[in-house]
Amino acid sequence: RTRPSLLEYLSYLLNFMSVIAGPCSNYKDYIAFIEGRHVHMKLLEVNWKQKGYDRLPDPSPTGAVMYKLCITLVSLILFLTLTKNFPMAYIIDNEFLDKTPFLSRLGYLYVVTQAAKPKYYFAWTLADAVNNAAGYGFSGVDERGIFRWDLLSNLNIWNIETATSFKMYIENWNIQTAAWLKRVCYDRAPRYPTALTFILSALWHGIYPGYYFTFLTGILITLAARAIRKNCRHYFLSSVPLKVAYDVVTWVVTQLAVCYTVAPFVMLAVEPTVKFYK
């Protein structure tokens with residue numbers, strides 16, 4: 001509620017923990033961390049006396065940091081091996097297009113998209129681990145009493161890979177940027193909030209045409225997914241087998257829709273994107 005000083009503002013933008021990836025938290029949380037209130041504020045949300053503590057605990061980020069560093073190592077190994085064996089450029093190779101059946105092309109599209117993901121998993125998880133190692137990113141205690149260090153987490157890999165809706169997928173991908181887009185655009189737009197938010201996201205990413213193909217396609221996919229879920233999902237909730245079948249089908253469709261949408265994001269240029277969509 002108060003305007004930051006120049007020093008506070010530059011500290012938020014240029015602090016060593018996020019100078020490469022950009023600020024991945026809101027200003028209020030960052031200032032609470034700098035002033036030493038960050039962890040204390042979260043701990044006060046829990047009744048520790050009821051849990052048998054006579055004073056506030058001192059949560060350590062070591063376990064979270066080691067876990068996230070393991071994820072970055074696995075992601076790095078996967079990226080260095082998979083991208084060489086499954087290049088995105090192969091999906092627009094003339095011989096591949098001429099000789100490969102349509103369903104096989106869809107399958108390969110899924111594989112090459114999976115191969116491109118570990119790069120993002122590596123960067124975002126490493127940035128999260130760096131912040132945690134500095135003592136920043138504590139988000140409270142879960143229902144099992146475990147200390148959580150995911151305040152600054154930018155993705156949830158399990159939810160991404162098991163997403164059964166386009167909404168679930170994008171809510172767990174680049175989480176901090178999505179929260180920022182929601183706050184500055186979606187919640188403020190008087191009309192067409194979904195379309196305007198996707199367009200702003202394209203502008204935010206940069207000038208490559210592939211970004212605009214991806215995010216303009218994302219508008220259509222999001223609206224279509226909403227309509228189908230609203231009109232069809234309730235028919236499949238009457239029994240467990242029906243619900244399982246619905247989840248399996250929507251998982252396959254969601255993953256393929258994401259691949260179809262994000263391929264231009266990886267290829268960047270107009271010519272390969274148009275060739276791919278044809």
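What percentage of the 278 residues of the protein chain counts as buried? The share is 36%, where buried means under 20% relative accessible area, exposed over 50%, and partly exposed in between (1.4 Å probe, protein chains only). The model is predicted, so local features need pLDDT of at least 70 and side-chain atom pairs count only at pLDDT 80 or more, while totals for chains, interfaces and linings use all residues. Residues are numbered from 1 along each chain as its sequence is written, and side-chain values use heavy atoms, with hydrogens and water left out.

**Overall architecture**

- The protein chain has 14 helices and two strands; helices (H or I, at least four residues) and strands (E, at least two) are DSSP runs, numbered from the N terminus.
- The C-alpha trace of the protein chain spans about 70 × 50 × 45 Å along its principal axes.

**Annotated segments**

- An unreviewed UniProt entry lists residues 1-21 under "signal peptide"; UniProt positions are given in the numbering used here, feature names are shortened, and annotations may be inferred rather than shown by experiment.
- Residues 1-21 are 43% helix and 0% strand in the model, and their end C-alpha atoms are 26 Å apart.
- Under "transmembrane region", the unreviewed UniProt entry lists residues 64-82, 210-228 and 248-270.
- Residues 64-82 are 100% helix and 0% strand, with 27 Å between the end C-alpha atoms.
- Residues 248-270 are 91% helix and 0% strand, with the end C-alpha atoms 33 Å apart.

**Nonpolar surface patch**

- Leu6, Tyr9, Leu10, Leu14, Val19 and Ile20 make a nonpolar surface patch of about 680 Å².
- Accessible areas come from the Shrake-Rupley method with a 1.4 Å probe, and for residues only the protein chains shown count as cover.
- Ile20 is found in the loop between helix H1 (6-14) and helix H2 (27-34), and Ile20 counts as exposed because its relative accessibility is 86%.

**Pocket and cavity**

- The second largest pocket has a volume of about 500 Å³.
- This pocket is lined by 23 residues, of which Tyr67, Lys68, Asp150, Ser153 and Leu155 are the closest to its centre.
- Helix H4 (62-85) is among the elements that give two or more residues to the lining of the second largest pocket, and H4 gives the most, with four residues.
- The structure holds one cavity of 30 Å³ or more.
- The largest cavity contains about 40 Å³ of space.
- Of the 10 residues lining the largest cavity, Asn15, Ser18, Ser25, Tyr30 and Tyr136 are the closest to its centre.
- On a 1 Å grid over the protein atoms alone, a cavity is a set of points where a 1.4 Å probe fits but cannot get out, and a pocket is an open set with protein on both sides within 12 Å along at least five of seven lines; lining residues have an atom within 4 Å of a point.
- Grid points are joined across faces, edges and corners, and a volume is the space filled by probe spheres set on the points.

**Positive phi values**

- Asn174 is not a glycine, yet has a positive phi of about 50 degrees; Asn174 counts as buried because its relative accessibility is 11%.
- Tyr192, also not a glycine, has a positive phi of about 50 degrees; Tyr192 counts as exposed because its relative accessibility is 56%.

Technical notes: Patches are made of residues with over 30% relative accessible area and no salt bridge: like charges are joined within 9 Å, nonpolar side chains (Val, Leu, Ile, Met, Phe, Trp, Tyr) within 5 Å. A salt bridge is a side-chain nitrogen of Lys or Arg within 4 Å of a carboxyl oxygen of Asp or Glu.
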